[in-house]
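I kept to what could be looked up and wrote each entry as I went.

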Amino acid sequence: MWVAGLGQVAAGDDGVGLRVIELLMQADLPEGVSLHRLADPVELVPLLGTGEAGVVVDAVLAAPPGVTRVLTEDELDPSPSAAVSSHGLSVLQAVRLARAIHPAVRPVTFVAIQIAAPTAHHHGLSPDVEAAALEAAALVLATAQAGGITTLRP
Amino acid sequence: MSEARTIKVDYLARVEGEGALTVVVKDGVAQDVRLSIFEPPRFYEGFLRGRGFREVPDITARICGICPVAYQMSSCQAMEDALGWVVPEPLQRLRRLLYCGEWIESHALHMFMLHAPDFLGVQDVVALAELHPEWVKAALHIKKTGNELMRIVGGREIHPINVRVGGFYRAPRKAELAALLPDLESSLQEAQAALPWLATFDYPELERDWELVTLKHPEEYPFCRGNIVSSHGIDVPFSGFPDHFEERHMAHSNALHAVVKARGHYHTGPMARFNLCFDTLGEAAKASAAQVGLTVPCMNPFKSLLVRGVELIQALDEAVRIVADYRPPSEPFVEGPVHAGTGHGASEAPRGMLYHRYTIDDAGLITDAVIVPPTAQNQGTIEDDLRALAPQLATLPLEDATWRAEQAVRNYDPCISCATHFLKLRFEEAS
């Protein structure tokens with residue numbers, strides 16, 4: 001099983017996915033769980049290609065900030081505007097790309113943490129989002145300790 | 001009286017940044033062509049003033065997430081020119097290796113993920129992967145190899161942090177680079193195998209007579225060194241740029257248009273490098289070009305896809321050779337006295353020549369800065385290409401004409417900036 005956090009540490013709450021990975025690095029994870037800090041969704045493609053079960057932790061723009069949601073692939077926004085960069089892929093595009101080029105991509109679980117749109121260049125999370133990061137890390141940890149992601153969905 | 005046809009793309013997709021396109025065609029003649037860049041200006045040249053000269057590679061790298069190395073190289077060169085610091089050959093080769101990394105990741109991204117879909121009639125790389133998973137898989141591997149090279153030499157993949165005026169903060173160890181050699185070699189093989197596939201695409205007919213502008217060096221394919229040359233006779237050191245080129249404000253765009261003084265628009269980028277510097281390509285790149293029948297002169301902008309493919313092979317081949325011969329330099333950087341001065345720098349970003357000029361005071365603080373990016377230089381030429389394409393656009397169904405016009409813009413891999421955007425098309429028939 002792999003767990004990947006996405007984000008940009010210099011964009012405040014957008015770095016919450018990376019913060020969750022940081023918290024999990026300090027936790028007592030079962031053997032066989034790998035952690036990944038990613039800056040670009042395209043980096044998900046080789047992870048998905050391993051055929052292992054995986055969890056993607058990322059920020060989503062939604063109110064109120066600090067709410068953690070567990071989503072499936074079908075619940076992600078498929079519009080092209082969901083891509084954060086014109087020279088990059090959205091998370092969903094990365095998953096679809098992986099499915100097109102790798103035969104054994106397993107369904108992915110998304111742990112989405114709601115944030116407000118970052119408006120300034122700074123490091124660190126707001127208190128609500130930091131609390132959500134702790135909650136998300138605990139959720140992923142409990143799931144990994146329970147033996148897999150099949151129990152992650154509430 | 002025939003009707004005018006307006007092709008309007010409110011948001012250009014698969015280019016970097018926020019731009020729109022309007023083409024009005026009547027009787028097969030372009031009445032109006034506007035590539036509008038509406039992304040707000042970012043005022044880098046303004047806020048560089050008052051900053052220390054050592055800050056410039058890190059600040060200017062932030063202009064672009066796709067070609068930060070180009071900004072770092074041109075800015076460092078300009079500062080070294082102002083200060084009279086001479087960077088020795090081993091560090092020049094390391095800079096060249098870092099530049100290879102940027103070309104590899106940028107060209108692989110543009111060719112396979114942004115431009116190839118145009119030729120195959122699919123919307124994006126995800127659809128392309130459903131048709132040709134083997135080539136998309138290869139492209140992702142090539143791009144990852146370029147990113148890894150950037151990480152090892154530059155400290156990280158995006159906005160490298162290891163570049164400083166005078167060289168690098170730290171030179172990579174031999175073993176770090178050697179570990180990447182198998183990936184570089186297999187990426188080279190993938191790029192060589194992909195070029196004949198790319199050559200099977202249907203390339204629209206269009207022959208242009210651009211003035212081509214590039215750096216040119218007698219012994220190496222241009223990255224950081226040489227003179228600024230043009231197909232129309234310019235041959236000057238970097239300091240000659242202001243004598244021959246100028247930037248103009250255009251009402252419809254937030255980006256300046258660069259022109260050759262007294263002549264007008266010009267073309268910088270892979271087509272200029274390939275046509276004017278073909279003799280300095282390595283044997284591997286030349287052999288691949290010959291294999292697909294790509295010769296100079298090549299003045300069809302749509303064939304820029306193939307030219308980028310040749311340059312991708314060149315960058316991978318050079319990277320293999322530099323890594324194989326690499327010996328860490330005795331010192332990772334040079335330094336010298338700081339004094340007032342003006343310096344010029346230029347290098348070849350993946351999408352064209354990037355010129356910087358700075359003036360610093362005795363304390364090393366910047367008092368004036370000029371940055372001329374490749375997309376500003378190519379903007380007028382993109383519009384000229386669309387005018388030349390107008391007779392074709394007039395005969396195509398509107399949807400196909402819109403597709404072709406966007407494809408013509410993407411021939412240039414324009415880098416308007418790093419920004420979120422999306423595609424929204426609107427068609428208008430005007431009388």
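**Salt bridges in chain B**

I began with Arg263(B), which forms a salt bridge with Glu211(B), their closest N and O atoms being 2.7 Å apart; I count a salt bridge when a side-chain nitrogen of Lys or Arg is within 4 Å of a carboxyl oxygen of Asp or Glu. This pair links distant parts of the chain, 52 residues apart, with Arg263(B) in the loop between strand E10 (257-260) and strand E11 (267-268) of chain B and Glu211(B) in the loop between helix H8 (181-199) and strand E6 (212-216) of chain B. Helices (H or I, at least four residues) and strands (E, at least two) are DSSP runs, numbered from the N terminus. I noted Arg263(B) as partly exposed because its relative accessibility is 46%, and Glu211(B) as buried because its value is 5%; buried means under 20% relative accessible area, exposed over 50%, and partly exposed in between (1.4 Å probe, protein chains only).

I recorded for these notes that the model is predicted, that local features need pLDDT of at least 70 and side-chain atom pairs pLDDT 80 or more, and that totals for chains, interfaces and linings use all residues. Residues are numbered from 1 along each chain as its sequence is written, chains are lettered from A and ligands numbered from 1 in the order in which they are written, and side-chain values use heavy atoms, with hydrogens and water left out.

I then looked up the total, which is 28 salt bridges over all chains. Another of them joins the side chains of Arg95(B) and Glu80(B) at 2.6 Å, N to O. Here Arg95(B) belongs to helix H4 (residues 89-120) of chain B and Glu80(B) to helix H3 (residues 68-83) of chain B, 15 residues apart, and both Arg95(B) and Glu80(B) are buried.

Next I checked Glu318(B), whose salt bridge with Arg96(B) has its closest N and O atoms 2.6 Å apart. The two lie 222 residues apart, Glu318(B) in helix H12 (residues 304-324) of chain B and Arg96(B) in helix H4 of chain B. Glu318(B) counts as buried because its relative accessibility is 8%, and Arg96(B) is buried too, with a relative accessible area of 7%. I also found Arg96(B) and Glu318(B) in a network of salt bridges with Glu89(B), Glu220(B) and Arg225(B).

**His344(B)**

I placed His344(B) in strand E12 (residues 341-349) of chain B, where its relative accessibility of 12% makes it buried. Its side chain makes a polar contact with the side chain of Tyr355(B) at 2.7 Å. By contact (heavy atoms within 4.5 Å), and not counting residues up to four places away in sequence, His344(B) touches several residues, including Gln77(B), Asp81(B), Phe238(B) and Arg357(B).

**Aromatic rings**

I looked up 13 aromatic pairs over all chains; rings of Phe, Tyr and Trp (its six-membered ring) pair if their centres lie within 6.5 Å, with planes under 30 degrees apart counted as stacked, over 60 as edge-to-face and the rest as tilted. Phe53(B) and Trp85(B) form an edge-to-face pair, 5.8 Å centre to centre with 85 degrees between the planes, and both residues are buried. I also noted one aromatic cluster formed by Phe119(B), Trp135(B), Trp197(B), Phe201(B) and Tyr203(B).

How values were computed
Polar contact = N/O pair within 3.5 Å; in protein donor to acceptor, adjacent residues only side chain to side chain.
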